[in-house]
Amino acid sequence: MADEVSAKVDGTYAIGIDVGGSGIKAAVVDVATGRLTSERLRVPTPVPSTPEAIVASISRLVKRLVKSGSLDDSIPVGVGLPGVTIDGALRFAGNIDQPWIDFPVVDRLSKVLKRPIFIINDADAAGIAEMRFGIGKGRKGTVIFLTLGTGVGSGVFTDGVLVPNTEFGQMEIRGRPAEKRSAAVARVRRGLSWKAWATDLDEHLDRIQQLMWPNLMILGGGVSKSPEKYIPRLTVKCEVVPAELRNDAGIIGAAIVAAENPVQAADDASSAKEPTQATREAKT
């Protein structure tokens with residue numbers, strides 16, 4: 001493992017971090033294959049989920065991976081966060097504490113970990129992975145990737161090109177954010193049957209379909225393990241399929257973004273960047 005991961009100068013490897021509402025996951029990823037090359041680590045998301053608490057958790061996870069894999073200092077870290085990521089910070093925070101808004105996360109993590117850091121919306125990261133290595137590979141037209149978990153994250157792709165930072169979970173349905181009824185956690189919290197929850201999810205998907213007219217919707221998150229319980233009940237007028245990469249997608253996509261970003265100094269983290277290959281196109 002150490003010899004494998006040491007040959008990093010070609011940009012093949014990166015550390016991917018997926019910050020969710022209930023857990024933070026991390027692994028080393030071979031971005032050429034989409035394969036995890038280390039143990040997949042997971043810790044609970046701190047409560048409260050302040051920037052300082054999550055930065056500390058990320059730091060510990062990265063240090064564990066670096067130690068176990070003898071990783072070179074040049075190996076970058078990609079972090080998927082639940083919100084709108086622009087210029088090294090969150091501009092909107094979903095299912096995470098509001099002090100994250102405008103917190104200089106790239107600058108802070110760069111100083112703590114002393115390695116290149118890149119951030120991306122968590123659903124965009126998962127979508128990039130699914131479009132490159134999963135069921136979205138080779139699909140043309142408009143593809144919408146949705147993560148159904150603590151909330152509902154979204155990633156939109158047109159002919160493989162990512163349109164970043166969409167937040168379809170926040171669209172209003174029945175006077176409140178749609179994710180309050182369609183997120184996977186909503187089924188559990190409200191004690192709903194799969195049939196009842198599928199009705200709420202279907203209403204959300206139908207509203208997205210009316211706005212975007214996608215060729216395909218991909219549903220990710222933990223519920224992608226049990227598609228037979230709800231997908232046959234959906235009536236939305238486009239093809240709907242479960243994601244293939246499941247809970248590894250966010251890790252893989254964050255690592256892809258880190259590996260394919262131009263390395264910049266930490267003090268340049270807040271400056272505008274050119275779109276990267278990962279955000280321009282999910283390779284097919």
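Author: What follows goes from the whole chain to a few of its parts.

Author: This is a predicted model, in which local features need pLDDT of at least 70 and side-chain atom pairs count only at pLDDT 80 or more, while totals for chains, interfaces and linings use all residues. Residues are numbered from 1 along each chain as its sequence is written, and side-chain values use heavy atoms, with hydrogens and water left out.

Reader: How many helices and strands are in the chain?

Author: The chain has nine helices and 15 strands. Helices (H or I, at least four residues) and strands (E, at least two) are DSSP runs, numbered from the N terminus.

Reader: And what share of the residues is buried?

Author: Of the 284 residues, 55% are buried. Buried means under 20% relative accessible area, exposed over 50%, and partly exposed in between (1.4 Å probe, protein chains only). The chain exposes about 12000 Å², and carbon and sulfur atoms supply 51% of that. Those areas come from the Shrake-Rupley method with a 1.4 Å probe; for residues, only the protein chains shown count as cover.

Reader: Pick a strand. How many residues of S2 are buried?

Author: Eight of the eight residues in S2 (residues 23-30) are buried, so the strand is largely enclosed by the rest of the structure. Gly23, Lys25, Ala27 and Val29 point one way, while Ile24, Ala26, Val28 and Asp30 point the other way.

Reader: Which strands does S2 pair with?

Author: S1 (residues 13-19) pairs with S2 in the antiparallel sense over seven bridges. Two strands count as paired if DSSP finds at least two bridges between them. Ala14 is opposite Val29 of S2, and the S1-S2 hairpin has three residues between its strands. S2 also runs antiparallel to S4 (residues 41-44), with four bridges; there Gly23 has Pro44 as its bridge partner. Another antiparallel partner is S3 (residues 35-36), joined to S2 by two bridges, with Asp30 and Arg35 as bridge partners.

Reader: What sits in the turn between S2 and S3?

Author: That hairpin has four residues between the strands, and Gly34 takes a positive phi near 75 degrees.

Reader: Now a helix. How does the span of H7 fit its number of residues?

Author: H7 (residues 194-212) has 19 residues, which at 1.5 Å a residue should span 27 Å; its end C-alpha atoms are 26 Å apart, which agrees. The expected span is 1.5 Å times one less than the number of residues. Just after H7, Trp213 has a positive phi of about 45 degrees.

Reader: What covers the buried residues of H7?

Author: The cover includes strands S9 (142-148) and S10 (152-158), helices H5 (179-182) and H6 (184-189), and strand S14 (216-220). The buried residues of H7 include Trp194, Trp197, Asp200, Leu205 and Ile208.

Reader: What lies over the face of Trp194?

Author: Arg187 does, at 3.9 Å from the ring centre. The rule asks for NZ of Lys or CZ of Arg within 6 Å of the ring centre and within 35 degrees of the ring normal.

Reader: Last one: is Leu146 buried or exposed?

Author: Leu146, in strand S9, has 1% relative accessibility and so counts as buried. Its contacts include Leu205, Ile208 and Ile218.

Terms used. Contact = heavy atoms within 4.5 Å. Lists of a residue's contacts leave out its neighbours within four places in sequence.
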